[in-house]
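Okay, thanks for having me.

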Amino acid sequence: MKIIDYSIKNTIVVRFIVFLLIIGGLFSYFRLGKLEDPEFKIKEALIVTLYPGASQHDTELFVTDKIEQALQKIPNIEFTESVSKNGYSQVKIKLKESVKSKELPQYWDNVRKKINDAQINLPQGVIPSIVLDDYGDVYGMFLAVTSDGYSYSELSKYTEYIEKELHSIPGISKTTIFGNPQETIEIIIDRNKINSMGISTKVIAMSLLSENLITGGGNIDYGNLTVNLKFNNEIKTIEKLKNLIIFSDKLPNGNSEIIRLGDIATIKKGYSYPMTEKMYYNGKKSMGISLSPLAGTNIVNTGKKIDSKLLKIKEKLPIGIDVEKIYYQPDLVSSSINIFVINLLISIFTVVGVLLLTMGLKSGFIIGSGLILSILGTLIAMLFMKIDLQRVSLGSFIIAMGMLVDNSIVIVDNTLVNLNKNLGIDVSLENATKKPAIPLFGATLIAVLAFLPAYLMPTYMGEYVGSCFWVIGISLLLSWALCLTQTPAYCKVFLTKKDLKAPSEKEVKFYAKARKALELLIKHKRATIIIVFSSLLFSIFLLTFIPKSFFPDSNKKGFTVNLWCPEGTRIKVIENATLKLNNFLMKDKRIKNVTATIGASPARYYVSTIPESPNSSFGELIVSINNLKELDKISENVINFSNENLPGVMVSIKKYPNGTAVEYPIEYEFSGPDPEILRNLSEKAIEIMKKTPGTLNVRTNWRNKVLTWNGDFSQINAKRATITPFDITTSLMRSSGGMSIGKIKDEDSLTKVIIKEKNYNEISNIGKTPIWGLIGKAQPLDSIIKNSKLKFENNQIWRKNRIRTIKVQCDIPIGTNPDKIRNLMKKDLESISLPEDYHGNWGGLFFEQLKNTKALIGSIPLPLILMFTICVLLFASVKIAVLIFLMIPLALIGIAPGLLITGKSFGFMSAVGLIALSGIMIKNIIVLMDEINFQINALKKEPELAVIDSSVSRIRAVGLAALTTIFGMIPLLRDPLYGDMAATIIFGLFASTILTLFIFPVLYIVTYRK
């Protein structure tokens, strides 16, 4: 290779390139985007449609079904999931996780077009659908604007001001406010007063509606000009609204009778009641502001700008209004990156320390410098490829740490051997570098390909861990390029014959013992093979005792508490329960802060959270704690307090997960046409789950049935009174929560106007509600509605892929393995007898685990074929390639006991680690096999002698490469994301190194014996 000769002869050029790598790497580090977790898009959108007055069944049939039908025309859909409630339809569309993030805007545009086209098929009275394509967006920063003694109106104005100021910061793409109540003007009609005057609420409502319409007089010709005609009838203030004339007539005495709205109604400003969402921070009334950073932004720098802006904003805020951080990614990123950088430095110092101790000061410096240059060069590539610094990319450096020195170890080791033969520095370097260049390239390429399956996975997990492949791949290929250029150049500059040391007595004895051990194993080949494969079978048996997990929880110092009252409960009930638990938690000194949200979840502030849709029976607590170790004790206190003080409230505690999230860890779903049959099936499943040890909060996503008033509309009586169903609906709305009749201009905004009667109806006297028709007097409701009664009905109907589907769900205690509990109920749940056209399937974590396991296995064949092909090309032998790959399963001999000893689980990250380990193993075997071929073909040694000599001569190179990888991985053992993978690689590599040096030679001799 000419590049090798050029590097050896022109060391000054190599030094200059090294200088550029150092400057470029440092520059790139400070310019790279910095995030807490890898950025990946949630490929989901919501379509919300309102159908006022419609039952949940009518909403399902006439709205939800039409929307779902339109969405079926969108390509690459994984599923649609919908919920239909009274007057409310929500359809979630999830695209296949393999869809590229950059293609999402095009898909969502297509969704909008299909939904717009579907509007023509919806019934009259339906409010046009809204497509919420930002449902999957992650905001990353969630702030609370707190109030002490201020009204909601005042708090709202300050919150909107702060939100506007923060949105102007460079690096912020969008903002949203949570808990901002809708301001309304309430017109409260006195029913007794209007009855005495003979005025109906219908007349009042029509007067208000007509005054609120867009007005103008068209236009008229004026010579050659066209003149627009306008008149002013705008209602801009409450005073003007009070003076609105409802009725005007001339009395017999000649006087005019004028009835103004203020004469018959109380008009006041207020808020839409009941408020649909509220928020408290540490018990204080507050509103939330969510901030979303631009893609590729250095969130740490953006955070500094936000902090600076907040300081200026706080100077202008009055006493009693403050801004607090609930979830603040810039701080978390700084902390996370600092921890990983410290672990990276520890790993670097550990690896370099091992090299210095084993290879000598100069040799260790040469190899260690290549390691650092590989990292710096990778940072430059990451800047161009727009790969951010986050927990996966930083962890990838630590995973690659030991492998980054493998190639240089071989080159330096060969150089020292050649120098010891008095070949001269240039000749020694050429021989040491050129001979293994191609085998090392093949071995490096195989190690890179071992990480390819994780990148190829067409799921969120593939997107989450995908940067691992690029970081490790680039760094390893750079290490190979540097071992052929920088390493020989530095060897020429720094190494001399004086650096050669005669082997110590201990080294001589060690190699002698190693040779004797290898000779003994070869002599007793059959016994050796039997013992090895018996150990493999025993290790496979041990795997059955190792806990299985999908993805580990994160190390965030916090958790969430979801509270559910029975469906149909007034929002005030869940608010009281949530605040009661909130006040209990605030007394605990281990807790940093508590945020309570009522009626809904805030926007997705962390990628692995699932926001709850608006629901008046839902409350959530976002709890930050000082020490993660206290989480289990605090959660136990929460459960105990809730059981004693919150009867009828379901309390669910959730830790923040890594990767993708699921609503509940254990789910079993039934699908079929009849809601009642689905209910009956779910009751059987609920009974099984409740009997299973370790289950908590067993429920269905349909939740409980709610009390509903029903009656039959009498067309004959209605026609006589000129009353329509619409008249009944509007009358009931006015006499209950209120009826919206439009908006009026109020200062610089539009304010919703609500008309309602002074005294709300109670269910006991609902039949006396006056219903007004076109003419005549009001008729009581019970004269129009017959056979009225109260009964329990489904409040919501869920569907999946247009089929009604009910999910039976349950929680498990924190730290419990979901697979263990699922297996306890698996047989009973799957044995439930299902009618024809009904199906049962597992959801939750099991579904996600199965999906990602299939995706990972499906991604293995291509890299495996490429790796095998490289082995065949390197050694021109299929037999040797097969022999190399037969060694891979033997790594389980170290993995199983290692995971058992450390208490780690075998899950997704362990599987990725096992695949990666296979590449490292093959790389080491290639280094050994290359030497065996050299000794057989070039030195003409007998195969058995060549195998023994090669294995002994490669102990230092292979052993040192494994040792550096093992020590480099140790800092990751305690990391929640990488712990399982680190244990898999550490113990697997330890065993595989011994197997490579002492068992592979035995298998080779057996295979090639004459």
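Let's start with Glu68, which counts as buried because its relative accessibility is 0%; buried here means under 20% relative accessible area, exposed means over 50%, and partly exposed is in between, with a 1.4 Å probe and protein chains only. Before I go on: this is a predicted model, where local features need pLDDT of at least 70, side-chain atom pairs count only at pLDDT 80 or more, and totals for chains, interfaces and linings use all residues. Residues are numbered from 1 along each chain as its sequence is written, and side-chain values use heavy atoms, with hydrogens and water left out.

So what does Glu68 pair with in a salt bridge? With Arg799, and the closest N and O atoms are 2.5 Å apart. A salt bridge, for us, is a side-chain nitrogen of Lys or Arg within 4 Å of a carboxyl oxygen of Asp or Glu. This pair links distant parts of the chain, since Glu68 sits in helix α3 (residues 56–71) and Arg799 in strand β28 (residues 797–800), 731 residues apart. Helices (H or I, at least four residues) and strands (E, at least two) are DSSP runs, numbered from the N terminus. Arg799 is buried as well, at 6% relative accessible area.

By that rule, the count is 41 salt bridges. Another one joins Lys435 and Asp930, at 3.7 Å from N to O. Here too the pair links distant parts of the chain: Lys435 is in helix α15 (residues 425–449) and Asp930 in helix α31 (residues 908–937), 495 residues apart. Lys435 is partly exposed at 28%, while Asp930 is buried at 15%. And back to our opening pair: salt bridges that share partners join Glu60, Asp65, Glu68, Arg799, Arg802 and Arg804 into one network.

Now over to helix α26. There's a kink of about 40° centred on Leu824; that bend is the angle between axes fitted to the seven residues ending there and the seven starting there. The buried residues of α26 include Ile821, Met825 and Leu829. The buried set packs against β20, α22, β30 and α27, with contact meaning heavy atoms within 4.5 Å.

Last stop, two loops. Lys386, between α12 and α13, has a positive phi of about 60° although it isn't a glycine. Arg703, in the loop between β21 and β22, also has a positive phi, near 60°. Buried or exposed? Lys386 is exposed, at 75%, and Arg703 is buried, at 11%.
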